[in-house]
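Here are my notes on this one, as numbered points. Have the viewer open while you go through them.

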Amino acid sequence: MSIELEHDISTSGPATVPALEARGLLKHYPGVKALDGVDMVVHQNEVLGLAGENGAGKSTLLKALVGLVKPDAGDIYVRGEKVRLRSVVDAANHGIGMVFQEQSLVPNLTAAENIMLGSEGRGVRGGIYRWDSMREMAQEQLDKIGSHINPLARTDTLSFADRQMVEIAKVLRIEQRSNNAPVIILDEPTSVLESKEIETLFTQVRRLREFASVIFVSHRLDEVLDVCDRVLVLRSGQSVGEVATAHAAPADLHRMMIGSTGSDDHYHGNAFKKSEEQPPPRLTVRGLSGNTFRDFDLDVHEGEIVGIVGVHGSGREDVCRALFGAEPFIAGEVTLDGKKLELSGTRSACAAGVAYVPAERKTEGMVGPMSVADNMTLTKQKSRCSGVLVVPKKQASLVDAWIERLSIRTPHRGTAIQRLSGGNQQKVVLARWLVAGDIRLLLLDHPTRGLDIGARSEVYRLMRELADSGVATVLLADSLEEAIGMSDRIVVMNDGHVTKEVACPTGAKPTPLDLVKEMV
Amino acid sequence: MTTSPAEDVEFIAARPQPRRGVSFRDAGPPIALIVIFCVFAAISSDFRTLANVQNIMDTAAVLAVVTCGITFVLMMGSIDLSSPGVMGAAAIAVALLVANNRNDNDLGLLGIAVAVLLAAGLGCVSGLALVLLKVPSFMTTLGVSAIGLGVATLMFNGVQPNITDQKLATWAVDRFLGFSYLTWIAVGCVLVGWLIQRYSRLGRYAFAIGGAEEVLTLSGVKVAPYKVAVFTLAGAFYGLAGVMVTSQLSAGLVQAGKGFDFAAITAAVVGGTLLTGGRGGILHSAVGVLLVTVLTNGLVQVGVSPYWQGGVQGLIVVAAVAAAVYPQRRRNQVTK
């Protein structure tokens with residue numbers, strides 16, 4: 001079943017050349033096609049929205065447009081002229097500038113310095129600062145966007161919204177470098193703003209449109225529809241459609257973003273069955289509150305897989321880490337099998353039988369240069385020791401047994417884990433918790449991130465096996481389909497708290513769209 | 001976002017809050033200096049004499065100049081351990097270039113300039129090794145220190161050069177407005193350093209490199225030349241400090257800069273310059289120098305054995321760094 005929405009854009013037929021155009025952009029990373037022939041057109045004085053799920057290729061596309069990523073193939077045209085962008089400066093010379101997602105200002109410099117950074121012009125003569133000129137020129141930039149920030153204020157004393165204005169003022173400096181009207185890229189500009197500030201930003205974007213083109217990226221689809229003239233949807237590195245925002249609803253966009261993949265059970269096996277007399281839940285969380293989440297409640301039963309879904313910034317990652325004691329929380333109670341869990345650190349969680357597979361496998365999940373065997377016995381040192389000494393034989397037989405049981409493909413147990421494929425690395429990370437025996441709660445933070453389909457299904461099978469053996473699992477899935485396919489129940493988070501709980505039994509799975517409604 | 005409840009507006013607590021007003025880190029060291037000074041003055045009658053205050057300032061002079069140099073490096077987030085070698089080389093060089101008992105040179109001020117240039121050259125080597133060979137500053141400057149000591153030893157050649165140049169010899173003795181010339185040189189260095197930090201691109205960029213180097217790169221700034229220039233500038237300051245030591249001793253010594261690397265880092269950090277870069281500055285460091293010197297002097301005046309002082313200095317630097325990083329601590333933080 002394919003639902004390809006190709007709204008034709010009849011709203012505007014610009015006669016002029018597009019301000020910026022990309023044709024057939026291609027970028028492959030090892031194992032991933034980040035861009036798989038993306039076409040994109042930005043007209044003059046237009047606000048183009050860019051939508052797509054995580055990993056759809058948005059950031060790679062943006063990076064290619066400002067010269068941070070060199071595409072393997074494909075061309076970029078500025079005002080109909082083919083260009084090659086080697087650096088940010090190159091892009092700026094062609095009038096393309098980007099406001100980065102992580103704010104890219106030097107915090108300990110003044111706003112004026114940040115605005116002028118790298119192209120101070122008459123603000124610096126012979127290496128000596130003319131603070132008066134600096135302030136004047138910065139003020140000029142700030143006036144363009146109607147901001148009332150004091151140019152000589154230190155940047156880290158400004159509010160986030162003000163810092164963003166400084167960034168926009170800075171990006172507008174590219175006008176001095178190129179004769180063309182600038183193309184301004186805003187990458188997730190609203191993610192750090194409060195709702196009032198977002199309104200100001202939108203006013204700003206509309207103002208920019210008077211003399212520039214804007215590419216606007218946000219994971220909040222209603223924002224995209226609100227502020228953009230047209231939206232381009234990306235999915236797995238391809239442009240899958242364009243929508244004129246005048247007649248589109250968030251649901252339409254989302255349907256295009258997630259495409260037509262059915263939400264099949266990934267590995268149903270013997271899915272979790274609720275017995276008649278329900279035993280008390282293995283994990284209960286009540287009123288958990290921290291920096292990014294609030295009043296979070298959760299029950300997970302033995303053998304159950306509960307997926308937590310939510311957009312970027314929903315706080316679900318922090319909840320997951322808090323349950324492992326890796327993130328402090330201010331209030332709330334966590335009990336495991338009726339016993340209160342003291343989560344003052346990760347050790348107590350480990351001791352209680354909680355296992356955690358972190359999202360950043362390469363930096364948090366494994367010690368790259370260490371051997372498979374050492375990685376596998378990292379948490380439970382006792383399993384390979386006798387007294388304080390490591391017994392190589394003991395370790396070898398234990399590790400070999402698990403290598404075979406999980407069919408981990410490694411030349412030898414002594415091979416450095418970084419030389420294995422991602423899927424096998426992830427199996428070792430999981431095995432680390434299994435060698436200890438007696439895990440009761442398994443926290444999986446994006447366990448299939450960066451894995452290919454084959455490796456993913458092996459991880460799914462392993463998850464299901466563990467659930468069948470009675471382990472309670474909390475899953476933060478990489479995609480909605482994965483969450484729906486694997487989970488017995490799904491908890492939806494938005495802005496730090498639970499908005500809905502959806503039963504997700506085999507045969508009566510909700511659709512991604514049902515969940516998205518609660519997520520945004 | 002229409003669906004989010006209104007009470008969520010103030011709930012974006014995860015983002016860092018803007019800094020407001022003067023931070024503890026900026027105000028703490030000057031306050032500490034005043035408090036410590038008052039305490040010692042109250043306890044010890046020897047401490048609160050004019051002669052002792054002059055003594056403190058004169059003692060602080062060389063350290064102040066070294067600290068001026070190292071502050072720029074620390075501001076970038078790099079570290080510089082080259083001062084002992086660089087100072088040694090400059091000290092011997094100047095002793096051999098002005099009127100002395102080893103040769104017939106009598107270059108006077110020019111000799112001093114050459115010695116400072118030599119030191120700047122050694123600093124430049126540190127910087128080049130950092131940006132071209134990508135060797136961390138910790139190692140390059142350690143190496144350059146050894147090179148400097150080697151150069152100094154070669155020039156020393158077994159016979160200590162005693163200076164007979166009247167001008168240089170009297171720098172340490174003659175006084176102007178109650179303080180020795182060396183002290184005034186140090187004050188001048190602090191002033192020049194502050195001007196560089198405040199008004200020159202070099203100083204501002206050194207500050208920015210420590211704040212967010214990648215932003216500079218994304219803004220099209222080539223940072224490498226600035227890094228080399230900062231190390232060169234630091235070398236020049238060390239060179240001048242080496243010359244000052246020669247003036248104090250009336251002789252060129254290979255060990256002229258011994259211990260100044262750690263002392264200068266201590267002073268800078270105590271003054272509020274972060275080792276991670278981007279915070280602090282010359283004036284902070286000047287306060288740090290006075291703090292350390294007053295403390296050392298005061299402990300002696302109240303009768304604490306000088307043998308204790310090395311340990312006390314070590315304690316101070318660890319405590320100062322701990323206080324500085326305390327607000328940024330978080331769970332599972334990786335510290336190397």
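1. Just after helix α1 of chain A, A:Gly67 takes a positive phi of about 80 degrees. The model is a predicted one, where local features need pLDDT of at least 70, side-chain atom pairs count only at pLDDT 80 or more, and totals for chains, interfaces and linings use all residues. Residues are numbered from 1 along each chain as its sequence is written, with chains lettered from A and ligands numbered from 1 in the order in which they are written.

2. How many residues of α1(A) are buried? Eight of the eight, so α1(A) is largely enclosed by the rest of the structure. Among them are A:Lys58 and A:Lys63, along with A:Leu61, A:Leu62 and A:Leu65. Buried here means 20 or more other C-beta atoms within 10 Å of the residue's own (12 or fewer is exposed, in between is partly exposed), with C-beta atoms placed from the backbone. Helices (H or I, at least four residues) and strands (E, at least two) are DSSP runs, numbered from the N terminus.

3. Now the six-stranded sheet in chain A. It is open, has mixed pairing and runs in the order β6-β9-β10-β3-β11-β12; strands pair if DSSP finds at least two bridges between them. The edge strands are β6 (96–99) and β12 (238–244) of chain A, each pairing on one side only. On average, neighbouring strands are turned by 20 degrees against each other, direction ignored. β6(A) and β9(A) (residues 183–187) run parallel and are joined by four bridges, and A:Gly97 has A:Ile184 as its bridge partner.

4. Two helices pack on that sheet. α1(A), residues 58–65, touches β3, β6, β9, β10 and β11 of chain A, and its direction makes about 150 degrees with that of β9(A). α5(A), residues 160–171, touches β6 and β9, at about 170 degrees to the direction of β6(A). Touching means C-beta atoms, placed from the backbone, within 7 Å; axes are lines fitted to C-alpha atoms, for helices over the stretch in contact, and angles run from 0 to 180 degrees between N-to-C directions.

5. In chain B, look at α3 (residues 83–97) and α5 (residues 137–156): they pack at about 25 degrees, with their axes 6 Å apart. That makes α3(B) roughly parallel to α5(B) (angles under 35 degrees count as roughly parallel, over 145 as roughly antiparallel, 65 to 115 as roughly perpendicular and the rest as oblique). The residues that meet include B:Gly85, B:Gly88 and B:Ala89 from α3(B), and B:Ala146, B:Gly148 and B:Ala152 from α5(B).

6. Is B:Gly210 buried or exposed? B:Gly210 is buried, with 25 other C-beta atoms within 10 Å, and its place is in helix α8 of chain B, residues 201–218. The C-alpha atoms of B:Gly210 and B:Gly278 are separated by 4.0 Å, though the two are 68 residues apart along the chain. Not counting residues up to four places away in sequence, B:Gly210 also touches B:Met75, B:Met76, B:Gly77 and B:Gly277, among others.
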